[in-house]
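Hello,

Here is the structure I promised to pass on. Please open it first, then read my notes below.

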Amino acid sequence: VFWGWANKDEMRSLMAGSELFVVPSRKEPFGLVILEAMAAGTPVIATKVGGIYEILVDGCGLLVPSEDENGLAEMIERVLNQQDLREKLVFRGRERIKQFSWENVAQSYLALA
């Protein structure tokens, strides 16, 4: 389902009510929407482009090669059919999102100086 534009509250509600969040990008500099989905407790599948593969580490989401429609479809089917996998992705996603708190991001920037 492609919902179109949504305000922040609608977006959070849509993400939290979804069984899966898929980001089939061909180019993606960072992937803020992935962090938003993980914060909403939604498992994520995305293509391995741009900064996405730096976000989805340690099993907090699943990656497929860009332009691999069959691989993406298989991964979607796998996640939708395996409740334990969805639960694991949600748990690990919520743990991963903690690393992107404003405090942690600020500390990372300060460490660069």
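**Pockets, sheet and core**

Helix α6 gives the most to the lining of the second largest pocket, with five residues. Please keep in mind that this is a predicted model.

The second largest pocket has a volume of about 380 Å³. Its lining includes F30, L32 and L35, then I97, Q99, F100 and S101. W102, N104, V105, S108 and Y109 also line this pocket. The elements that supply two or more of the lining residues are α2 and α6, the latter spanning 102-112. By class, the lining has eight nonpolar residues, four polar and no charged.

Now the largest pocket. The space in it comes to about 630 Å³. Its lining counts 16 residues. V1, F2, W3, F21 and V22 are the ones nearest the centre. At least two lining residues come from each of α1 (8-16) and β1. Helix α1 gives the most, with three residues. The lining of the largest pocket holds 14 nonpolar residues, two polar and no charged.

F21 is worth a stop. This residue is found in strand β1. Is F21 buried or exposed? F21 counts as buried because its relative accessibility is 17%, and the cut-off for buried is under 20%. Its bridge partner in β2 is V44. F21 and T47 are 26 residues apart along the chain, and their C-alpha atoms are separated by 12 Å.

Next, the strands. Strand β1 (residues 21-23) runs parallel to β2, and three bridges join them. Between β1 and β2 comes helix α2 (residues 32-39), and the three make a right-handed β-α-β unit. On to strand β3 (residues 62-64): β2 pairs with β3 in the parallel sense, again over three bridges. In that pairing, I45 stands opposite L62.

What covers the two faces of strand β2 can be read from its residues. In a regular strand the side chains alternate between the two faces of the sheet. In β2 (residues 44-47), V44 and A46 sit on one side, and I45 and T47 on the other. All four are buried, and both faces of the strand are covered.

Two of these residues turn up again in the core. The largest nonpolar core has 16 residues. Which of them touch the most other members? They are I34, M38, V44, A46, I52 and L56. The elements that give two or more residues to this core are β1, α2, β2 and α3 (52-55). Helix α2 has the largest share, four residues. In soluble globular proteins, nonpolar side chains tend to be buried together.

Last, two backbone points to check on your screen. Most residues other than glycine have a negative phi. D58 is not a glycine, yet it has a positive phi of about 55°. D58 lies in the loop between α3 and β3. With a relative accessible area of 70%, D58 is exposed. E67 also has a positive phi, near 75°, and is a residue other than glycine. Its place is in the loop between β3 and α4 (69-81). E67 counts as partly exposed, at 48% relative accessibility.

Best wishes

Key
Residues are numbered from 1 along each chain as its sequence is written. This is a predicted model: local features need pLDDT of at least 70, side-chain atom pairs count only at pLDDT 80 or more; totals for chains, interfaces and linings use all residues. Side-chain values use heavy atoms; hydrogens and water are left out. Buried means under 20% relative accessible area, exposed over 50%, partly exposed in between (1.4 Å probe, protein chains only). Two strands pair if DSSP finds at least two bridges between them. A crossover is right-handed if, with the strands pointing away from the viewer, the path from the first strand over the helix to the second runs clockwise. On a 1 Å grid over the protein atoms alone, a cavity is a set of points where a 1.4 Å probe fits but cannot get out, and a pocket is an open set with protein on both sides within 12 Å along at least five of seven lines; lining residues have an atom within 4 Å of a point. Grid points are joined across faces, edges and corners, and a volume is the space filled by probe spheres set on the points. Ala, Val, Leu, Ile, Met, Phe, Trp, Tyr, Cys and Pro count as nonpolar, Asp, Glu, Lys and Arg as charged, and the others, Gly among them, as polar. A nonpolar core is a set of buried Ala, Val, Leu, Ile, Met, Phe, Trp, Tyr and Cys residues joined through side-chain atoms within 4.5 Å.
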